[in-house]
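Reader: I would like to go through the labels one by one. Please set each value against its cut-off.

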Amino acid sequence: MIALAWLVPAAFAWPADGDWVVLERNTIAYWDEADDVLGADPSIDLVGVDPDGVVYWSADVDAMFLRLRLVGDPQAAPGVLHDRVWGFLVETTGNGVVEQVVVVEGSAGELSAYPNQGGVAGTQPGFAAYGAPLAIGDLSTGDVRRMAAPDGTFFLDVRVPVASLDALGVPRDAPLRLAAVTGTSLYLPWSDLSACDESPAVAACSSFTNVRALPFVLDSDADGLPDLAEDALDLDPFDVDSDDDGIPDGAEALEDTDGDGDIDPLDCDSDNDGIRDSVESGLVTGLPDTAANGCFTPDADPSTTTDPRVVDSDGGGLPDGIEDWNRNGAVDPWETDPTEASDDLDTDGDTIADVLELLAPDGSIDDEDSDGDGLSDFDERLYDVDGDGIPNFFDDDSDGDGLPDGVETAGDRDNDGWANFEDADADGDGIPDAVEGLDDPDGDGSGNAVDLDSDGDGVLDRFEGAGDPDGDGIPNYLDDDSDGDGLTDMVEGNRDPDDDGVPNFLDLDSDNDGLTDAFEGDGDPDLDFVPNFEDRNSDGQGATDGAEGQGDGDCDGIPDWLDTDEEDSFCDPMQPLPEIDPDVPPEPGLDPAIFGEGDWTGGSCSTSGSGFAWLGLIAAFLVRRRVAVGLLASAPAMAQGVDAQRFLPSVDGQTFAKVEDLDLREAGASTFAAWVAHTDDPLVFRPTGEREVEVLGSVTTTILAASHSFGPARVGVATPVHLGASGYGLSAPVHLGDVRLSGKLRVATLEVGEGMALRLGAAADAILPTGTASAWLGSDRPWVRAALVGELAAAKWRVALDLGGRSGTGGELGALRQGAGLAWALGGAYAITPQVFATLELDGDAWSGSGASGVPMEWLAGFRYRPERPWALAVAGGTGLGRGIGAPEYRAVGGVTVTPVRRSFDQAEL
């Protein structure tokens, strides 16, 4: 951070060590090699190697400072320099012609500026081209100094006051380009020239364009504050008026006058008296770049001004913001003059001047409650909130809402800065106090005007509003059943499970299943803690309530949408299910094949690992008392939004195939990867019993990934291409999958033992529906997953844990909805040799409210071989655990990653 030396108006001080900014050339520090001076005089031998550099600059409000680095000491004796010349070539127009040569000459260290009056091109215009020099200072005036650097080199620093810059015609907002020079005399060729190390030096670098440093600007916005100062003060160096109050930053005090944490150029009201600085300064218009939505307010009377840094400009005892209570800069009715001390007398100390209290009906200057409403004049003040011409302190209804001030009180129910008695909507619920009144129907002791829930139904007034959709003559905020469906607002609440934009308490069909809330009621027969009016599958069996309908197919008196067994009666006896050969697809044009009741699952042979009871996930068609599923040759119609492939490799591929770890590449490194995965049976249908139909029997996918490291952070992208997919009535051609954007951040690294480190961080992925949501290989909406990442690493092993969640895609398979849920991964790696690692990975999801079919889990074991950077090869294989959708019978993957080595250049190559 640059020291704030410019805040001290005392005698000038040189910049602190941290205030100097090294000039750059070709994106590295401006350089010059040692020992390249003819005659080997170290006092005029420029030197600078990245990152230290040879030329530096700094600035404050009074001067520009320049510094050059030398091999030898320019000082011959205390207070005396060697009889040499050190200087800077200065150019501001960008045309490559030096305009000024600022030099320190001779043993007295005289600092002068010579203009290139002849406009001669090149790095040495020649003495004949120079105009009359401008004397700036010398060693004795303190404008030149010599400093020893910590590395054994020496600095020669010069100070060029702002007045000298103006005299030289150097614009404050122009880009300055410099080169450093030294010599034995101003009349002779330079002995050394920065960024020119050939011999002879000057002859090889005669073009200033070839040796100049990258430009810098003293004051980009010409507001009187150098860019360095504005950066340090969090001001905008390209904005003349950072707080948009109409006053240039350089014209305001660079301090925090009112102690509110903002310095004056960032404070709309520097003295915190309630009147904006632009008004107190008498401004009618702002500056050209003063934004309309900033701090600027025009002064209604620019002929008089107050001090924006003094709370009481006239010193009479009343603050400016009290005297000018509407804060417009003019003396209006019921105001006193903030520039006239004689009208500030306030006998009773209520901040209302005696001259104004004499105008009140009682004419008393010592009455603390002039209108007798129970609120003190101090609380009510001079404001005229309702604009009736009567100030609050003797107006018994200050906000004109029909409610007496004494009843409304001086509290601030909605914390908006306005007291209840002067706030037309005291509780901030969007319903005016004049409408709500002071009745208390819920008996909670708060009148409606200050009650956030006037009817006590659990839904706030600001949500309910004053409408009356059920036409019962009772506004919603007072109606305990706003939609008149027989379910109270307290029961229905403000939720919106069907995402139709209508909250439950106003929605006649809250779950949008085709059955009204009044019909479904608030029971919960399937004990899933979701009441029927919000539950699209109230009995927890079969299809949705809307699909099952209100009939009673088995004549047992229980409507189908609530009947867990719709085939338990003589009313319609069971029909035998046809025999189905799962390996023979249906012929085109025939009716859909009927599979009967069963489960949608992954193809894993395991039936353990989930801990959930298997749910029957039934899709498509309800055929009277039995559920039928038809998979036509055009399978995409049933595959919207469900990606059963599940293989999402880490884009940087450092250690694991899928688990995110925190062993990031060095900053600036990029990694490219290609993976190929073959997955068997990621999605099957299991009719009653253990027989299975391969819905998505296999899929082969290649994933191309790239990532870039910023040190502790990494970003990347992965693009899958599905090379082929096969399944029941399915033959999918090559197509693009869902693109994934990935980010990872390492937050901390802790040493927890000898040679052992604990790393903590986070990772997040955004999956975009760029592929075709068909063949069970794509989502139809974006979804994200994010996880906290922890890693414990030693010399030969590491363990990583990812724990977080994922959003849902809304994809559905019958009654199953792919919702949000938990996402986790656990991985371990062991170095068999320095080049060969063995890995074991476990990962899974748990979709909310989805049963075992929504809990895919699998393991993957493999090896990673790193013969040498930049290449690494990986192979792995595994199976599903449990029968969640996407948990395959087996998966085999292979991958190659490459991290190109960035070439480093040494100084000689440059």
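Author: Start with the strands. A strand here is a DSSP run of E with at least two residues, numbered from the N terminus. With that, β28 gives the largest share of the nonpolar patch, four residues. Note that the model is predicted.

Reader: What makes the nonpolar surface patch, and which elements give two or more residues to it?

Author: W797, V799, L801, L803, L822, L826, Y830, I832, F863 and V875 make it, with an area of about 880 Å². The elements giving two or more residues are β28 (797-806) and β31 (821-831).

Reader: Why is W797 called partly exposed?

Author: Its relative accessible area is 31%. Buried means under 20% and exposed means over 50%. The value for W797 lies in between, so W797 is partly exposed. W797 is found in strand β28.

Reader: Now the rings. How many aromatic pairs does the structure hold?

Author: Eleven aromatic pairs. One of them is Y114 with Y130, at 5.7 Å centre to centre and 45° between the planes. Y114 is in strand β10 (residues 110-115), and Y130 is in the loop between β10 and β11 (134-137). They are 16 residues apart, and the pair links distant parts of the chain. Both Y114 and Y130 are buried.

Reader: Why is the pair of Y383 and W418 called tilted?

Author: First the distance: the ring centres are 6.2 Å apart, and pairing needs centres within 6.5 Å. Then the angle: the planes are at 55°. Stacked needs under 30 degrees, and edge-to-face needs over 60.

Reader: Where in the chain are Y383 and W418?

Author: Y383 is in the loop between α8 (377-380) and α9 (405-408). W418 is in the loop between α9 and α10 (433-436). The two are 35 residues apart, and this pair also links distant parts of the chain.

Reader: Which residues do ring pairs link into a cluster?

Author: Y114, F127, Y130 and Y187.

Reader: What makes you say that the charged end of R67 sits over the ring of F155?

Author: The charged end is 3.9 Å from the ring centre. The cut-off is within 6 Å, together with a position within 35 degrees of the ring normal. R806 likewise has its charged end over the ring of W783, 4.0 Å from the centre.

Reader: How do you know that C196 and C205 form a disulfide?

Author: Their sulfur atoms are 2.0 Å apart, and the limit is within 2.5 Å. The torsion about the S-S bond is about 90°, so this disulfide is right-handed. C196 and C205 are both buried.

Reader: Why is the disulfide of C268 and C295 called left-handed?

Author: The torsion about its S-S bond is about -50°, so the disulfide is left-handed. The S to S distance is 1.8 Å. C268 is in the loop between α4 (227-232) and α5 (277-280), and C295 is in the loop between α5 and α6 (320-323). They are 27 residues apart.

Reader: Why do C268 and C295 get their accessibility labels?

Author: C268 has a relative accessible area of 24%, between 20% and 50%, so C268 is partly exposed. C295 has 6%, under 20%, so C295 counts as buried.

Key:
Residues are numbered from 1 along each chain as its sequence is written. This is a predicted model: local features need pLDDT of at least 70, side-chain atom pairs count only at pLDDT 80 or more; totals for chains, interfaces and linings use all residues. Side-chain values use heavy atoms; hydrogens and water are left out. Rings of Phe, Tyr and Trp (its six-membered ring) pair if their centres lie within 6.5 Å; planes under 30 degrees apart count as stacked, over 60 as edge-to-face and the rest as tilted. Buried means under 20% relative accessible area, exposed over 50%, partly exposed in between (1.4 Å probe, protein chains only). Patches are made of residues with over 30% relative accessible area and no salt bridge: like charges are joined within 9 Å, nonpolar side chains (Val, Leu, Ile, Met, Phe, Trp, Tyr) within 5 Å. Accessible areas come from the Shrake-Rupley method with a 1.4 Å probe; for residues, only the protein chains shown count as cover. A salt bridge is a side-chain nitrogen of Lys or Arg within 4 Å of a carboxyl oxygen of Asp or Glu.
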